[in-house]
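Subject: Structure handover

Hello,

Here is the structure for your files. My notes follow below it.

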Amino acid sequence: MRGGRTHQRDADDACSIEVDDLPDGVIVTDDRGRVTAFNRAASRLTGIEPDAVVGKTFPDVLPFRDDDGRDWWKWLDAYGGLRTRSRQPECSLYLPGGNELLVAARFVRSPERSGDVARVVVTLRDAAARARLERSRADLVSTVAHELRSPLTSVKGFTATLLAKWGRFTDDQKRVMLETVNADADRVTRLITELLDVSRIESGRLQIHRQVVDVPARARKIIAGRVAAGERDDRFLLEVPGDLPEMWLDQDKVDQILGNLLENAVRHGRGTVTIVVEPVEWGVAVSVRDQGEGVAPELASRVFRQFWRGNGRRRGGTGLGLFIVKGLVEAHGGTISVQRAPGGGAEFRFTMPAGTPDFA
């Protein structure tokens, strides 16, 4: 018997640990409405300690009200109503202090079909977090619509003009218009690529295909591309102090990271852009420094959010580049930060572990 109690206690402890590990608030009541479980997330969301809740009846300690002021637990009628009910859809409810939460309930019956309610499992979510997510999605839609409108208007205008009045233009005029159409098509393609990257990062579907990557060589390639596009050769400086370990990384994504950071340094900074690639204990660290205004310390935590464009000024781009860079670095198991460069300006520094071959 003693051993049986020990096993039961161990099982209860394991169950408690699992419930506490959940990101959403979870409250469990028994067949009489008394709270038997109240996880850490529920305590954080409600501001109520578990000791003040467990063992007491649900409506006495968690008097949720709807928009009309009705008692949620009363109209939920968890232990009455149709015996085929299995859940209550998520809805917005309020605690007495005005704290808004998204609350849903599931009824556990015994027997499972049409039995009495043995437990009620209530889940809580942060309504403010949901609202922020919805605002973020609305901002994304607005940004995409704005960024697409300009190049598509240009493409439509030039192609319609060429089709209607082809014979009236010289070859040089036609070439200028077609080059503009081509550039705007590239701009649309880049935007779509960024949106796909954002989607993969947020959904956890970003795949890393590892191979041996020479990071300084990739940096030289990106610099050469900037110079070929019209930047001065002396605008960039590459430093590689020390011997680097063999790095197993996704080459395309390393190019994307370096390209975005150099683009950011050129667009928002001034003076020489310095790229430093140096060994660290478990891989390499890459620093991209400019000589511009830098990033204020109070803004450092916002730099890698979606739509950040630096000091509130719109200088082109969607504001998704640094968000994508952070996602790509973290997908490799690395970290990235921004700080003041030794000579002033901003320094974006990311570290990458050496990694191992990916045979998957």
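In which hand of crossing does α7 pass α8? The crossing is right-handed; a crossing is left-handed if the near helix is turned anticlockwise from the far one by less than a right angle, and right-handed if clockwise.

Before the rest, the conventions. This is a predicted model, so local features need pLDDT of at least 70 and side-chain atom pairs count only at pLDDT 80 or more, while totals for chains, interfaces and linings use all residues. Residues are numbered from 1 along each chain as its sequence is written, and side-chain values use heavy atoms, with hydrogens and water left out. Helices (H or I, at least four residues) and strands (E, at least two) are DSSP runs, numbered from the N terminus.

Helix pair

Two packed helices are described by the angle between their axes and the distance between the axes. Helix α7 (residues 215-228) packs against helix α8 (residues 251-268) at about 50°, and their axes are 10 Å apart. The axes are lines fitted to C-alpha atoms, for helices over the stretch in contact, and angles run from 0 to 180 degrees between N-to-C directions. That angle makes α7 oblique to α8 (under 35 degrees is roughly parallel, over 145 roughly antiparallel, 65 to 115 roughly perpendicular, and the rest oblique).

On the α7 side, the residues in contact (heavy atoms within 4.5 Å) include Val-215, Ala-219, Ile-222 and Ile-223. Among those they meet in α8 are Val-254, Leu-258, Leu-262 and Val-266. The contact divides into eight nonpolar, two polar and five charged residues. Here Ala, Val, Leu, Ile, Met, Phe, Trp, Tyr, Cys and Pro count as nonpolar, Asp, Glu, Lys and Arg as charged, and the others, Gly among them, as polar.

Aromatic pairs

Rings of Phe, Tyr and Trp (its six-membered ring) pair if their centres lie within 6.5 Å; planes under 30 degrees apart are stacked, over 60 edge-to-face and the rest tilted. The count by this rule is seven aromatic pairs. One of them, Phe-58 with Trp-73, is stacked, at 4.5 Å centre to centre with 15° between the planes. This pair links distant parts of the chain, 15 residues apart: Phe-58 is in helix α3 (residues 58-61) and Trp-73 in helix α4 (residues 72-76). Phe-58 has 0% relative accessibility and counts as buried; Trp-73 is also buried, at 13%. Buried means under 20% relative accessible area, exposed over 50%, and partly exposed in between (1.4 Å probe, protein chains only).

Phe-304 and Phe-348 form an edge-to-face pair, because their planes stand at 90°, with ring centres 6.0 Å apart. Phe-304 lies in the loop between β10 (283-289) and α9 (321-331), and Phe-348 in strand β12 (residues 346-353), 44 residues apart. Both Phe-304 and Phe-348 are buried. Ring pairs also link Phe-58, Phe-64, Trp-72, Trp-73 and Tyr-79 into a cluster.

The peptide bond from Ser-110 to Pro-111 is cis, with omega near -5°. Pro-111 is in the loop between β4 (100-110) and β5 (116-126). Asp-77, a residue other than glycine, has a positive phi near 45°. Asp-77 is in the loop between α4 and β3 (87-94), and at 39% relative accessibility Asp-77 counts as partly exposed.

Val-303, in the loop between β10 and α9, is buried at 0% relative accessible area. Leu-163, in helix α5 (residues 127-165), is exposed at 77%.

Regards
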